[in-house]
Amino acid sequence: MAKITRKPVPRKAAVPKKKAKAAVAKPKAPAKKSLKAIKPWTPAEIHEVFSRFRKANPEPKGELEHVNPFTLLVAVVLSAQATDAGVNKATRALFEVADTPQKMLDLGEERLRDYIKTIGLYRTKAKNVIALSAKVLSDFGGEVPRTRAEIESLPGAGRKTANVVLNMAFGEHTMAVDTHVFRVGNRTGLAPGKTPLDVELGLEKVIPAEFMLHAHHWLILHGRYTCLARKPRCEVCLINDLCRWPEKTV
């Protein structure tokens, strides 16, 4: 039998692999300066800051409208995640008919909702206001309590609420830290902190006692109208020469 001879199949030439492009290192953005690395404020500088605030606005007032400690308490509870202007618009009519805990209970939760329905989370807030009114009557004789722990025991009231009421209604040297105070404390370097409590304690530590009665109002107003979140108005800032913010525009 004749042998069958198979011709070898020619191998395909190896295709040279493409050389990987050398990775081009992107230039790193300059690291932002940590507030902790910035030179701390001196006591003289802090005194100067609050002296300027006092000179510009000797008697700052909170912007939540109220007629007594109870209506202040209610207004602050309603102001959570809402603007002062929005709360005032709703409470002007409300406080004409319910300016005491008993009148608020007599009004009832359903009718209260009608007054405050333009405010965010109004259903939950109405429930809390009715519950806190009942507790003020049953536990505190109808009077707003005068300690932080007692105010915080009321439905819907937290530490910030307690600090506002203690300061505005009873003249206590408390520091209520809202979003504006938190921003100003961190941005300026006056009291850097990761939480509102950090900023609160930091500010209480460095602000001289002579300024503490009005300090939180000055800082709130400064954050609300000058040291804005997105476009701070550094050019008109009273303390722009002392501010430690690395990104200030003056």
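How many residues does Helix α3 have, and how far does α3 reach from its first C-alpha to its last? Helix α3, residues 84-97, has 14 residues and reaches 20 Å between those two atoms. The legends below begin with the whole chain and then return to this helix.

**Figure 1. Overview of the predicted chain.** This is a predicted model, in which local features need pLDDT of at least 70 and side-chain atom pairs count only at pLDDT 80 or more, while totals for chains, interfaces and linings use all residues. Residues are numbered from 1 along each chain as its sequence is written, and side-chain values use heavy atoms, with hydrogens and water left out. The chain has eleven helices and zero strands; helices (H or I, at least four residues) and strands (E, at least two) are DSSP runs, numbered from the N terminus. Buried residues make up 39% of the 250 residues in the chain, where buried means under 20% relative accessible area, exposed over 50%, and partly exposed in between, with a 1.4 Å probe and protein chains only. Of the contacts with a separation of 6 or more, 61% join residues 24 or more positions apart; a contact means heavy atoms within 4.5 Å.

**Figure 2. Helix α3 and its bend.** The 20 Å reach of α3 is close to the 20 Å expected at 1.5 Å a residue, the expected span being 1.5 Å times one less than the number of residues. At Thr-91, α3 bends by about 40°; the bend at a residue is the angle between axes fitted to the seven residues ending there and the seven starting there. Thr-91 is also one of the buried residues of α3, together with Asp-84, Val-87, Asn-88, Ala-90, Leu-94 and Phe-95. The packing partners of these buried residues are α2 (69-78), α4 (101-107), α5 (109-116) and α11 (212-225).

**Figure 3. Helix α11 and its surroundings.** Like the helix of the previous view, α11 has 14 residues, and eleven of the 14 are buried, leaving the helix mostly covered. Among the buried residues are Met-212, Trp-218, Leu-221 and Gly-223, as well as the histidines His-214, His-216, His-217 and His-222. The buried residues of α11 pack against α1 (43-56), α8, α9 and α10.

**Figure 4. The largest pocket.** About 440 Å³ of space lies in this pocket. Its lining has 23 residues, and Ser-79, Asp-84, Lys-160, Asp-178 and Arg-224 lie nearest its centre. The elements giving two or more residues to the lining are α8 (159-170), α9 (179-188) and α11, with the largest share, five residues, coming from α11. By class, the lining has nine nonpolar, eight polar and six charged residues. Ala, Val, Leu, Ile, Met, Phe, Trp, Tyr, Cys and Pro count as nonpolar, Asp, Glu, Lys and Arg as charged, and the others, Gly among them, as polar.

Figure 5. On a 1 Å grid over the protein atoms alone, a cavity is a set of points where a 1.4 Å probe fits but cannot get out, whereas a pocket is an open set with protein on both sides within 12 Å along at least five of seven lines; lining residues have an atom within 4 Å of a point. Grid points are joined across faces, edges and corners, and a volume is the space filled by probe spheres set on the points. The count comes to one cavity of 30 Å³ or more, and about 100 Å³ of space lies in the largest cavity. Of the 14 lining residues, His-222, Cys-227, Cys-234, Cys-237 and Cys-243 lie nearest the centre. The lining has seven nonpolar, four polar and three charged residues.

**Figure 6. Trp-245 and its contacts.** Trp-245 lies in the segment after α11 and is buried, with a relative accessible area of 17%. Apart from neighbours within four places in sequence, Trp-245 is in contact with Arg-187, Thr-188, Pro-232 and Cys-234. Trp-245 and Arg-187 are 58 residues apart in sequence, yet 5.5 Å apart in space, C-alpha to C-alpha.

**Figure 7. Two loop residues with positive phi.** Most residues other than glycine have a negative phi. Gln-81, in the loop between α2 and α3, has a positive phi near 55° and is exposed at 72% relative accessibility. Leu-121, in the loop between α5 and α6 (122-140), has a positive phi of about 60° and counts as exposed at 51% relative accessibility.
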